[in-house]
Amino acid sequence: MRTISVPVDIKASPERVWEVIADFAAYREWNPFIREAAGEAREGTTLTLRMFPEGGRPMSFRPKVLRAEPGRELRWLGNLIVPGLFDGEHAFELSATGDGTRMVQSERFSGLLVPLFGKVVSRAEGDFARLNEALRRRAEET
């Protein structure tokens, strides 16, 4: 198992940050990593995501939403081909700060192929940082 975590401070309320995260149809307008997204931020639903990792090939996933608490957390679980091979539990966790929101984007990778996908996992931290910065700019716009 391997976990990465990338925080960002955003000068916007947790509710505003949630609006941006949960508006999957608008990802193509601002998100450099998850450029195509569809579905509903509701527990038990399945999303359709197309990720464009820097220096890698685009990947499509259909993760299941595990938790969707507006203004607090969005969490999903995706896998490669079958569960247990290469799974990723992705989370956006929001907490109010004195002047906005601290958002932590993280992913816990597990499964038999994690050791073979070390490069992919290592590059994900940079992709998360790019997404976080774009999210910060988008949420602070209004």
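**Close-up views of a predicted model**

Figure 1. The structure shown is a predicted model. The largest cavity has a volume of about 270 Å³. Its lining is made up of 22 residues, and those closest to the centre of the cavity are M51, M59, F61, E107 and F109.

**Figure 2. The elements that line the largest cavity.** Which elements each supply at least two residues of the lining? They are the strands β3 (48-51), β4 (59-61), β6 (73-79), β7 (87-97) and β8 (100-110), together with the helix α3 (118-140). The largest share of the lining, 5 residues, is supplied by α3. By residue class, the lining of the largest cavity holds 14 nonpolar, 4 polar and 4 charged residues.

**Figure 3. The chain as a whole.** The secondary structure consists of 3 helices and 8 strands. Their order along the sequence is β-α-α-β-β-β-β-β-β-β-α. The C-alpha trace spans about 40 × 30 × 25 Å along its principal axes. How does the radius of gyration of the chain agree with that of a compact globule? A compact globule with 142 residues would have a radius of gyration near 14 Å, and the chain has 14 Å, so the two agree.

**Figure 4. Burial, contacts and surface of the chain.** Of the 142 residues, 43% count as buried. When contacts between residues at least 6 apart in sequence are considered, 50% of them join residues at least 24 apart.

Figure 5. V6 lies in strand β1 (residues 2-10). Is this residue, V6, buried or exposed? V6 has a relative accessible area of 10%, and it counts as buried because this value is under the cut-off of 20%. Leaving aside residues up to four places away in sequence, V6 touches M103, V104, Q105, E125, F128, A129 and N132. One of these contact partners, Q105, is 99 residues from V6 in sequence, yet the C-alpha atoms of V6 and Q105 are 5.3 Å apart in space.

**Figure 6. The surroundings of E140.** E140 belongs to helix α3. The relative accessible area of E140 is 29%, which means that E140 is partly exposed, since the value falls between the cut-offs of 20% and 50%. Which residues does E140 touch, not counting residues up to four places away in sequence? The residues touched by E140 are D9, I10 and K11.

**Figure 7. The position of P70.** P70 is placed in the loop between β5 (64-69) and β6. With a relative accessibility of 60%, P70 counts as exposed, because the value is over the cut-off of 50%. The C-alpha atoms of P70 and F128 are separated by 21 Å, and the two residues are 58 residues apart along the chain. F128 is also among the residues that V6 touches.

Key. Residues numbered from 1 in each chain as written. Predicted model: local features only at pLDDT ≥ 70, side-chain atom pairs only at ≥ 80, totals over all residues. Heavy atoms only, no water. 1 Å grid on protein atoms, 1.4 Å probe; cavity = no way out; pocket = protein on both sides within 12 Å on 5 of 7 lines; lining within 4 Å. Points joined across faces, edges and corners; volume = space filled by probe spheres on them. Helix = DSSP H or I, 4+ residues; strand = E, 2+ residues; numbered from the N terminus. Nonpolar A, V, L, I, M, F, W, Y, C, P; charged D, E, K, R; others polar. Rg over C-alpha atoms; globule rule 2.2 N^0.38 Å. Buried < 20%, exposed > 50% of the residue type's maximum accessible area, 1.4 Å probe, protein only. Contact = heavy atoms within 4.5 Å.
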